[in-house]
Amino acid sequence: MNLSIKNPMIHRLLLCLAGAALLSSCVNKQSDKEYDNAVDIPVNQQMIAELTAPPNVPTPVGKRKAKKLIVDMEILELEGEMTSGVSYIYWTFGGTVPGSFIRTRVGDEIEFHLKNHPDNKLPHNIDLHAVNGPGGGAESSLVAPGHEKVFSFKVLNPGIYVYHCATAPVGMHIANGMYGLILVEPEGGLPPVDKEYYIMQGDFYTEGKYGERGLQAFDMQKAVNETADYVVFNGHVGALTGDNAITATAGETVRLFMGNGGPNLVSSFHMIGEIFDKVHVEGGSLVNENVQTTLIPAGGAVMMEFRVDVPGDYILVDHSIFRAFNKGALGMLKVDGEEDLKIYSGEQSEQIYLPEGGVIQSMPGSKAKSEEVKATSLEERIKFGKDIYGRTCFACHQADGKGIEDAFPPLANSDYLNADVDRAIDIVLHGLTGEITVNGKQFNSVMTAQNLSDEETANVLSYVYNSWGNSKKEVTPEMVEAVRNR
Ligand code: CU
């Protein structure tokens with residue numbers, strides 16, 4: 001329930017007695033709200049609810065009166081792509097993960113039609129966290145394949161709410177993608193913004209490890225252990241990167257409706273390079289301001305607003321950061337428009353920094369040559385190189401050398417790598433910035449110079465060249481030294 005005090009007169013009196021300072025706001029509040037209790041808001045017309053697939057949201061409610069809103073939701077079990085080469089059978093509300101976005105206002109009466117497609121294999125239902133009633137609707141909506149269930153509820157509390165399937169085993173239905181968001185706008189609607197988007201995080205558990213090719217089955221034991229193979233935004237790796245990135249123009253205001261389906265993990269949601277001006281904490285009425293990272297519980301949601309000031313690529317992550325770079329929880333907001341150098345200068349200069357003068361210094365972390373065990377064969381060089389790769393390279397380029405789409409280029413089967421060994425040595429020694437094309441795809445990121453000795457550089461490059469379909473070259477310390485000295 002939204003209000004525990006049913007008598008509107010007593011409620012108003014208590015509010016006004018709360019203090020003299022509150023008196024004026026209390027009067028204002030009364031003047032722009034027609035009803036003290038949302039349950040009294042009348043409904044006279046009916047309309048079909050607009051439902052949208054992520055990352056899109058339906059038209060704002062604006063000033064419209066409360067209505068009887070018909071929600072027509074179809075459950076579909078279908079095969080989709082988790083990441084390149086990996087497919088998964090998703091169970092969905094409306095054919096997408098997360099499910100169709102439902103947009104309502106306080107006082108709407110929802111007539112919910114839940115249809116289970118005849119080709120589906122299982123019964124399902126729906127628990128909407130915006131419902132005041134047993135099971136959030138689940139008890140009234142269990143529906144077998146080829147059937148339709150109808151139930152109604154009145155939305156009383158403004159906020160952003162998760163809905164999900166609650167059919168046993170509940171965790172399994174949620175883990176397969178059965179969740180989405182329902183927005184309840186206050187009377188008069190949310191303040192207008194320029195752009196609105198719909199995102200949900202979810203964790204997935206597959207029999208094969210991350211990236212293992214083919215159709216992957218759900219792994220119940222991994223789900224019980226909470227050891228996710230994939231943690232993603234909007235159902236699969238890359239749903240919000242590359243051509244799928246969300247967009248805005250510098251100067252625009254953006255609102256994100258951001259939920260977490262779970263089933264297990266809590267999201268530390270962060271946007272690299274942006275501060276959330278306002279966050280509706282846990283999706284409710286409490287507004288926090290100037291937030292860097294906001295916590296989104298499993299089965300919870302937040303609503304955040306921010307103004308984008310300068311153009312660029314802003315990366316959305318779960319700041320439990322291995323999830324972002326190793327399990328898929330990475331998205332992108334691409335902002336175009338005018339630079340504002342007062343807000344962000346970009347790189348202004350780079351100078352040599354030599355606090356101890358111009359003598360030759362050893363880089364931190366590099367070993368003196370005398371301590372180093374040198375490889376005596378190509379096999380040993382590859383073996384040593386694999387260890388270096390595991391502690392230096394794999395976070396970006398991944399254990400399988402495939403990189404991260406739109407962020408870090410692949411080393412596997414890499415035309416760029418195989419075309420020029422000296423260039424590869426130079427990049428490991430000195431780093432690389434700017435646009436390159438690898439296997440027909442463009443990348444524009446930064447690789448820092450690595451603090452590796454000539455021996456270590458030779459070993460790691462020999463490992464890379466002798467892995468994943470590359471050209472099987474051996475890189476020697478002498479080759480590295482030649483590039484270092486040129
Ligand atoms: Cu279900």
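## Exercises on a predicted model

Asparagine 234 is buried, with 21 other C-beta atoms within 10 Å. (Buried requires 20 or more other C-beta atoms within 10 Å of the residue's own, exposed 12 or fewer, and partly exposed lies in between; C-beta atoms are placed from the backbone.) Residues are numbered from 1 along each chain as its sequence is written. The model is predicted: local features need pLDDT of at least 70, side-chain atom pairs count only at pLDDT 80 or more, and totals for chains, interfaces and linings use all residues.

**Exercise 1. Find where asparagine 234 and glutamate 226 lie, and state the phi of each.**

Step 1: asparagine 234 sits in the loop between β13 and β14. (Strands are DSSP runs of E with at least two residues, helices are runs of H or I with at least four, and both are numbered from the N terminus.)

Step 2: its phi is near 55°, positive although asparagine 234 is a residue other than glycine. Most residues other than glycine have a negative phi, and most peptide bonds are trans.

Step 3: glutamate 226 belongs to the loop between α5 (220–225) and β13, and its phi is also positive, about 60°. Is glutamate 226 buried or exposed? Glutamate 226 is exposed, having 12 other C-beta atoms within 10 Å.

**Exercise 2. Work out the strand order of the six-stranded open sheet, then follow β17 within it.**

Step 1: the order reads β13-β11-β15-β20-β17-β18, and the pairing is mixed. (Strands pair if DSSP finds at least two bridges between them.)

Step 2: at the edges are β13 (230–233) and β18; each has a single partner strand, so one side of each lacks a neighbour in the sheet. On average, neighbouring strands of this sheet are turned by 20° against each other, direction ignored. (Axes are lines fitted to C-alpha atoms, for helices over the stretch in contact, with angles from 0 to 180 degrees between N-to-C directions.)

Step 3: β17 (residues 276–280) pairs with β18 (residues 287–291) in the antiparallel sense over four bridges, and phenylalanine 276 faces valine 291 in β18. The two strands make a hairpin with six residues between them, where glutamate 282 in the turn has a positive phi of about 55°.

Step 4: β17 also pairs with β20 (residues 300–307), antiparallel over three bridges. Here lysine 278 has glutamate 305 as its bridge partner, while valine 279 has methionine 304.

**Exercise 3. Describe how helices α10 and α12 meet.**

Step 1: the axes of α10 (residues 421–430) and α12 (residues 477–485) come within 9 Å and cross at roughly 70°. The two helices are therefore roughly perpendicular to each other. (Under 35 degrees counts as roughly parallel, over 145 as roughly antiparallel, 65 to 115 as roughly perpendicular, and the rest as oblique.)

Step 2: α10 contributes Asp422, Ile425, Asp426 and Leu429 to the contact, and α12 contributes Met479, Val480, Val483 and Arg484. (A contact means C-beta atoms, placed from the backbone, within 7 Å.)

Step 3: these residues divide into five nonpolar, no polar and three charged. (Nonpolar covers Ala, Val, Leu, Ile, Met, Phe, Trp, Tyr, Cys and Pro; charged covers Asp, Glu, Lys and Arg; the others, Gly among them, are polar.)

How values were computed: Two residues are in contact if their C-beta atoms, placed from the backbone, lie within 7 Å.
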